[in-house]
Amino acid sequence: MTRRKLVAGNWKMHGMRADLVEVEAIAAAAAAHRQIDVVLALPATLIGPAAAYAGPLAIGGQDCHANPKGAHTGCLSAAMLHEAGASVVIVGHSERRADQNETSQDAWAKAEAARAAGLRVILCCGETEAERDAGRAERVVQAQIEKSVPEDANGDWFTLAYEPRWAIGTGRTPTPEEIASIHAIARAKMRQLVGDAAGGIRILYGGSVTGDNAASILATPEVDGALVGGASLTAAKFVPIIEAAA
Ligand code: PEP
């Protein structure tokens, strides 16, 4: 099955209004490469201003609460992100798993909440370095998928991102063979859960993707795109990754 490539940036806790010039330049690159999908997951404070002129660049949030409303100080519901202008949200990012003790069950609940609010979802999974060293990467990813992928997931609204935690922000990446192997295992696991719909679900690779390695990573079998942190913060670094995918 042919799947459109998707390149997603995650600005994490970076970005002030002055940085909207970068969003504008990235939106121009997305407009020039409409054969692929481009997403930018921004701090919530920038979603509204960016969405006003993003065009084909989809603006995303970086997390949402699993409940639609309630006494959850400091949290944002999926509907709030949607109303602000987001069309996508990342859930289950490893930094939230590490910093906020989020579990795969939390990621599942957030994905369901996001879908109910009309958002598309990028759900992250990936092993730690200790798990990799212990030869458990495959089992860890399979277990995360089992617990977090909604049973009605399909490619219209759901994307999986494989992000080995030891590769995030470190400049280290798995070999293309390792990436292809885990992606194939992830798709097989999703096929068990959602049947033929798994064939339409994009699987992104994330972890130290840059303009230098994007072409080889994106050419790897089973890789349908990239989730990019540090190299998405400026157009100068992110646009070459978009171009490599196009
Ligand atoms: C991420 O945080 O999702 C990520 C992939 O970060 P980086 O590209 O900086 O490794």
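**Exercise 1.** In which sense do β3 and strand β4 (residues 88-91) pair, and over how many bridges?

Some ground rules before we start: this is a predicted model, where local features need pLDDT of at least 70, side-chain atom pairs count only at pLDDT 80 or more, and totals for chains, interfaces and linings use all residues. Residues are numbered from 1 along each chain as its sequence is written.

Step 1: find the elements. Helices (H or I, at least four residues) and strands (E, at least two) are DSSP runs, numbered from the N terminus.

Step 2: check the pairing, which takes at least two DSSP bridges between two strands. β3 and β4 pair in the parallel sense, over 2 bridges.

Step 3: pick out a bridge. Gly61 has Val89 in β4 as its bridge partner.

Step 4: β3, helix α3 (residues 78-84) and β4 form a right-handed β-α-β unit; right-handed here says that, with the strands pointing away from you, the path from the first strand over the helix to the second runs clockwise.

**Exercise 2.** Look at the other neighbour, strand β2 (residues 37-41), and describe how β2 and β3 pair.

Step 1: β2 and β3 are parallel too, with 3 bridges. Leu40 sits opposite Ile59 in β3.

Step 2: now the side chains of β3 (residues 58-61). Ala58 and Gly60 point one way, Ile59 and Gly61 the other, and all are buried (20 or more other C-beta atoms within 10 Å of their own, C-beta atoms being placed from the backbone; 12 or fewer would be exposed, in between partly exposed).

**Exercise 3.** Which residues touch the most other members of the largest nonpolar core?

Step 1: know the term. A nonpolar core is a set of buried Ala, Val, Leu, Ile, Met, Phe, Trp, Tyr and Cys residues joined through C-beta atoms within 7 Å.

Step 2: out of 74 residues in this core, the answer is Val89, Leu123, Ala226 and Ile241. Helix α10 (residues 235-245) gives the most to this core, with 6 residues.
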